Amino acid sequence: MKITVVQNYAELSAGAAEYIAAVVADRPNATLGLATGNSPLGCYKLLCEYCARGDISFAHVTTLNLDEYVGLTADNADSYAYFMRKNLFDNIDIDPRNTHIPNGVAPSLQQECARYARLVGALPRAVQLLGIGVNGHIGFNEPGTPLNSVTHAVQLSYDTICANAAHFGGSATRVPTRAITMGIGEIMSAERILLIASGSAKAQAVKDAVRGDISPLCPASVLQTHADCTFIVDEQAASLL
Ligand code: F6R
């Protein structure tokens with residue numbers, strides 16, 4: 001595990017964008033595992049700028065997102081599908097047919113999870129980008145999830161619902177309570193992993209992930225066993241290391 005501590009969110013975003021740009025420059029047809037949320041926003045903004053300048057092309061890139069809320073259609077402004085289009089896909093030269101995200105309104109969640117798991121198996125990721133939850137979750141694999149899990153539907157924890165309420169007008173009751181997530185075993189199957197974390201609210205989770213026991217109680221702790229895992233964290237998120 002390589003830990004890079006940077007001063008602030010701007011430096012974290014630049015580090016992550018440069019990391020991903022280097023992967024794409026080296027392998028223009030790479031599959032990238034992507035995340036949503038506040039952590040990757042700055043990184044995505046920079047990738048859009050690199051692409052607009054012609055420094056990088058996503059024309060042959062494929063993407064696989066980690067997760068989606070159950071019950072939100074892809075055109076719902078709170079869905080992760082919408083987030084990805086607005087913050088990345090609509091502003092780069094990627095073919096939308098090569099972007100994949102679980103379908104949160106599939107008639108059968110079980111079949112949708114099986115379909116997505118097949119896709120994850122068929123598309124080896126050159127890198128998986130991750131944020132980390134305040135409770136140590138990766139994707140929406142909440143504490144207690146088996147470390148070898150595959151794509152599945154989950155009940156979001158109270159911590160996660162509260163942490164995500166800001167995106168729903170500050171109202172925890174508006175946050176969907178279920179999601180589909182790539183499993184921990186599948187996250188671990190990516191060739192490289194890049195986790196980014198910013199702010200003091202993430203400090204305990206980062207400490208548990210980096211220094212704690214490898215345990216389902218902190219899903220991110222499993223990353224200690226990955227052969228090529230990098231954390232880029234700002235000073236506040238690193239404050240308990
Ligand atoms: C999002 C995801 C989550 C987030 C985590 C941190 O696709 O899988 O694990 O990465 O909840 O969220 P932010 O970045 O908003 O603090």
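# Chatting through a predicted model

User: Let's start with Thr230. Where does Thr230 lie?
Analyst: Thr230 lies in strand β10, which covers residues 229–234. Keep in mind that this is a predicted model.

User: Is Thr230 buried or exposed?
Analyst: Thr230 is buried: its relative accessible area is 8%, and the cut-off for buried is under 20%.

User: And which residues does Thr230 touch?
Analyst: Leaving out residues up to four places away in sequence, Thr230 touches Lys2, Tyr19, Ile193, Leu194 and Leu195.

User: OK, switching to the ligand. Which residues come nearest?
Analyst: There are 13 residues around the ligand, and the nearest of them are Ser39, Asp67, His137, Gly139 and Lys202.

User: How far is a polar side-chain atom of Ser39 from an oxygen atom of the ligand?
Analyst: That distance is 2.5 Å for Ser39. Lys202 also has a polar side-chain atom by a ligand oxygen, at 2.6 Å, and for Thr36 the distance is 2.7 Å.

User: How much of the ligand's accessible area does the protein cover?
Analyst: On its own the ligand has 410 Å² of accessible area, and the protein covers 92% of that.

User: Which pocket is the ligand's space?
Analyst: The ligand takes up the space of the largest pocket.

User: Back to the chain. Where is Ala227 found?
Analyst: Ala227 is in the loop that links α7 (203–211) and β10, and β10 is the strand that holds Thr230.

User: Why does Ala227 count as exposed?
Analyst: Because its relative accessibility is 84%, and exposed means over 50%.

User: What separates Ala227 from Thr145?
Analyst: Their C-alpha atoms are 21 Å apart, and along the chain the two residues are 82 residues apart.

User: Now Ala106. Where does Ala106 lie, and is Ala106 buried or exposed?
Analyst: Ala106 lies in the loop between β5 (99–100) and α4 (109–122). Ala106 is buried, with a relative accessible area of 12%.

User: How many residues apart in sequence are Ala106 and Cys162?
Analyst: They are 56 residues apart in sequence, and C-alpha to C-alpha the gap in space is 25 Å.

User: What about Glu49, which helix is the place of Glu49?
Analyst: Glu49 is in helix α2. At 34% relative accessibility, Glu49 counts as partly exposed.

User: With which side chain does the side chain of Asp55 make a polar contact?
Analyst: With the side chain of Arg53, at 2.8 Å. Asp55 and Asp93 are 38 residues apart along the chain, and their C-alpha atoms are separated by 12 Å.

Terms used:
Residues numbered from 1 in each chain as written. Predicted model: local features only at pLDDT ≥ 70, side-chain atom pairs only at ≥ 80, totals over all residues. Heavy atoms only, no water. Helix = DSSP H or I, 4+ residues; strand = E, 2+ residues; numbered from the N terminus. Buried < 20%, exposed > 50% of the residue type's maximum accessible area, 1.4 Å probe, protein only. Contact = heavy atoms within 4.5 Å. Near = heavy atom within 4 Å. Polar contact = N/O pair within 3.5 Å; in protein donor to acceptor, adjacent residues only side chain to side chain. Areas by Shrake-Rupley, 256 points an atom, 1.4 Å probe, with all protein chains shown as cover. 1 Å grid on protein atoms, 1.4 Å probe; cavity = no way out; pocket = protein on both sides within 12 Å on 5 of 7 lines; lining within 4 Å. Sits in = over half its atoms within 2 Å of the grid points.
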